[in-house]
2 protein chains.
Amino acid sequence: MPARDKPLKPPFRSARGAVITALLRNEQLSRSELSETTGVSPAAITEVTQTFLQRGLLVELPSQAAGRRGRPTVQLRLQASHAYFAGISVGESDMPMVITDLRGRILERHNLAAYETPAELAKTAAKAFKEVLRSAGIPRSRVQGVGVAVSGIVNAAEGVCRYSAALNWRDVPVAQVMTKALHIPAWIDNDANAVAVGEKFFGRARDLEHFSSIVLERTIGSAHYINGMLYRGHDGSAGEIGHITVDPKGVLCRCGRNGCLDTIAGGHALRDAAKAAGLTIGNMRDLEELALHGNPTATRLLRVAGNALGVAVASLVQLNNPQCVFFTDMEGFDNGVFRTATRQAIENNILARFLGSTQIIFNNAEPALLPRSAASIAAFEYLNSI
Amino acid sequence: MPARDKPLKPPFRSARGAVITALLRNEQLSRSELSETTGVSPAAITEVTQTFLQRGLLVELPSQAAGRRGRPTVQLRLQASHAYFAGISVGESDMPMVITDLRGRILERHNLAAYETPAELAKTAAKAFKEVLRSAGIPRSRVQGVGVAVSGIVNAAEGVCRYSAALNWRDVPVAQVMTKALHIPAWIDNDANAVAVGEKFFGRARDLEHFSSIVLERTIGSAHYINGMLYRGHDGSAGEIGHITVDPKGVLCRCGRNGCLDTIAGGHALRDAAKAAGLTIGNMRDLEELALHGNPTATRLLRVAGNALGVAVASLVQLNNPQCVFFTDMEGFDNGVFRTATRQAIENNILARFLGSTQIIFNNAEPALLPRSAASIAAFEYLNSI
DNA sequence: GTAGATAACTTCACTTACCGAAAAAAATAA
DNA sequence: TTATTTTTTTCGGTAAGTGAAGTTATCTAC
């Protein structure tokens, strides 16, 4: 019948999935601990771990002196080197690539050269991939897939980037192109989605069922995990926080309407505004620096922007009641006026009862974050297929 | 592993559930049609329908002359009279109760007398329940449960109303009280959730996986269906659209902050504003009537309110990308200035690509809607348990 | 050193919930 | 009456679990 509420036994859907999830969340667990934490019977744990051990996905650690009665436990852990994944974040100017292992550790990184067309991108990526494999000493056959994160509208199921303003792309079959170029399975997703998957798989959201991810770049994107699953929306357009109307009398947005969040807090708009106000800045760190030294224009811009973002996120929190909101700051605001204003605006615009139960986390702009997140998409797809 | 995206074979989770869902969506289906629409094998359909036929949940219709070759189909339908459900909507002044069958048809309705305390409510409900059963000619044993919808904060799992400003309740164990009073299983939920469940079960959302429901009363509430399941949020607080900040310089809200949607578009606030402006109105129909006859204050109030609601819903649409938004208007605006303003504000504040793919539906204030929705909660719980 | 005690793990017989293919049923068409 | 066609059922099989009993590896106490 139509479900009203929860799935059967959250967050697990199968014994195998439960074991992998539990071992992604915990460095190592014994079989009995696995049975305990997942609710799966010891019998099934034996069966599942046996299969995984045979495949080399799991390893047994040499059992320690027990120090107490009874048969000593045998600790199991995911064999991080069992599978490797590539991740690429396609940006306007640069294009970082990483290779990660099964646990999301970065083994090698590389910054790809600029490119013009998707075909050129593929060629560049293929060349870089070869190099990265060589320097990491990993044979191509051990790399189980590549994930690509782009800023734009993506049809993940079809592997197509429908539209990207930043890249000037329209209906580019990225997955297909990449599969051909790198000779490994490829997936593509929006960067906010990628970050959310990355946090769920390898990051701080591993234990969370419901959370949102906000990515601050030239524009602002978001993604939602709901009931332990990435929620894309009815037709894949969920998360368009950048075009929430914040100020109906605000300036014209690229989308044709006025006062979208992007026009006030988006990196692109903020840089334009700073320039228009006669401030010469490279990135947001410079703007924050100016504010720190008492520049009133810089302070005002950052405060207004942070406040607008906070108000929008407050709406998100009250509508969806996530356990946590991750901000991924690719613009380099760091801790400053902007973040303070954002936090304050969130706190001032949500009901008291949300205050204690909603965690707000800012990720610093770490260049490898996006490509690593992209790799986590490939990791998910791989683990889902075994 | 942590799920990234879809469950296995949406929207069905089991053959039995698939059969019930399909027969709630379609008046009648043959076994082969059931197999076709659900993707479940004919063998399993035989098995499942046999069980359900034995229990009396399904009936075979007398097979018609086929008019073509082959074994004629046997149409199956849900036996609506297999189970009955009670539904109560606890309001500030009145308290409508209905009895519905398995398909959500209302067999009997009753408006309960006013009450003061939860204990009194239970006594009144018990008395009314007896009467309603007698006049409907249904033995109590055939009623499988009662659902209670309240306007307020509810812990559905525990069956407790945590707080209701309208009813002046705090931590009232409604489910327990009702179970004792009516001698049938009882459930309680927030009224926005109840309406969402009702639309999903018996209403226009039967075929939708992702939709939201907005309930306009003294205050404004909302609920989300996501991936075919009611989404309550991390700690059950999802849907607080009434306290989205719409105008930071707005009037003080009961929640202690300024410019919440409730203070501009909530029925309570709107009535207060009308009174303050010297307009004497009973309900919103009166206010719309005044606007229709050219009263500028009435028009302004309605337009501002409708616009604020529309802007908030536009945020919801862009964040969650639902397939449909249902408005349940318990205030009686009907088609008028308010709804027009709401629709326009939604259209003006969402990206073009959401325009075509988001359905906006207004439900007229139908007194039986809330109690019927409440009954659908009991129906869900019953169907989920068999 | 050896006999419990104890806890971790494995084995085995069983269940549930399905599926695919073949068989049976019930009609029409020739 | 027989062939044809379509629906439904039966039957054997499988995947993924469970619970209970058995096995293994260690510690403790005498």
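**Strands, DNA and the chain contact**

Modeller: To start in a sheet, Glu60(A) stands opposite Leu76(A) in β3(A). This is a predicted model, in which local features need pLDDT of at least 70 and side-chain atom pairs count only at pLDDT 80 or more, while totals for chains, interfaces and linings use all residues. Residues are numbered from 1 along each chain as its sequence is written, and chains are lettered from A and ligands numbered from 1 in the order in which they are written.

Biologist: In which sense do β2(A) and β3(A) pair?

Modeller: β2(A) and β3(A), residues 75-78, pair in the antiparallel sense over three bridges; strands count as paired if DSSP finds at least two bridges between them, and the elements are DSSP runs numbered from the N terminus, with helices (H or I) of at least four residues and strands (E) of at least two.

Biologist: What is the strand order in that open sheet?

Modeller: The order is β1-β3-β2 in chain A, with antiparallel pairing. β1 (29-30) and β2 (58-60) of chain A each have a single partner strand and stand at the edges, so one side of each is left without a neighbour in the sheet.

Biologist: What about β11(A), how many of its residues are buried?

Modeller: Five of the five residues of β11(A), 186-190, are buried, so this strand is largely enclosed by the rest of the structure; buried here means 20 or more other C-beta atoms, placed from the backbone, within 10 Å of the residue's own. β11(A) pairs with β7(A), residues 143-150, in the parallel sense over five bridges, and Ala186(A) is the bridge partner of Val146(A).

Biologist: Changing topic, which residues come nearest to DNA strand C?

Modeller: Of the 27 residues around DNA strand C, those are Ala43(A), Gly70(A), Arg71(A), Ser41(B) and Ala43(B), where a residue is near if its C-beta atom, placed from the backbone, lies within 6 Å.

Biologist: And which helices supply that surface?

Modeller: At least two residues each come from α2 (31-38) and α3 (42-55) of chain A, and from α1 (15-25) and α3 (42-55) of chain B.

Biologist: How many residues does each chain bring to the contact between A and B?

Modeller: Chain A and chain B bring 52 residues each, with contact meaning C-beta atoms, placed from the backbone, within 7 Å. On the side of chain B that touches chain A, the largest share, seven residues, comes from α10(B).

Definitions and conventions
A residue is buried if 20 or more other C-beta atoms lie within 10 Å of its own, exposed if 12 or fewer, and partly exposed in between; C-beta atoms are placed from the backbone. Two residues are in contact if their C-beta atoms, placed from the backbone, lie within 7 Å.
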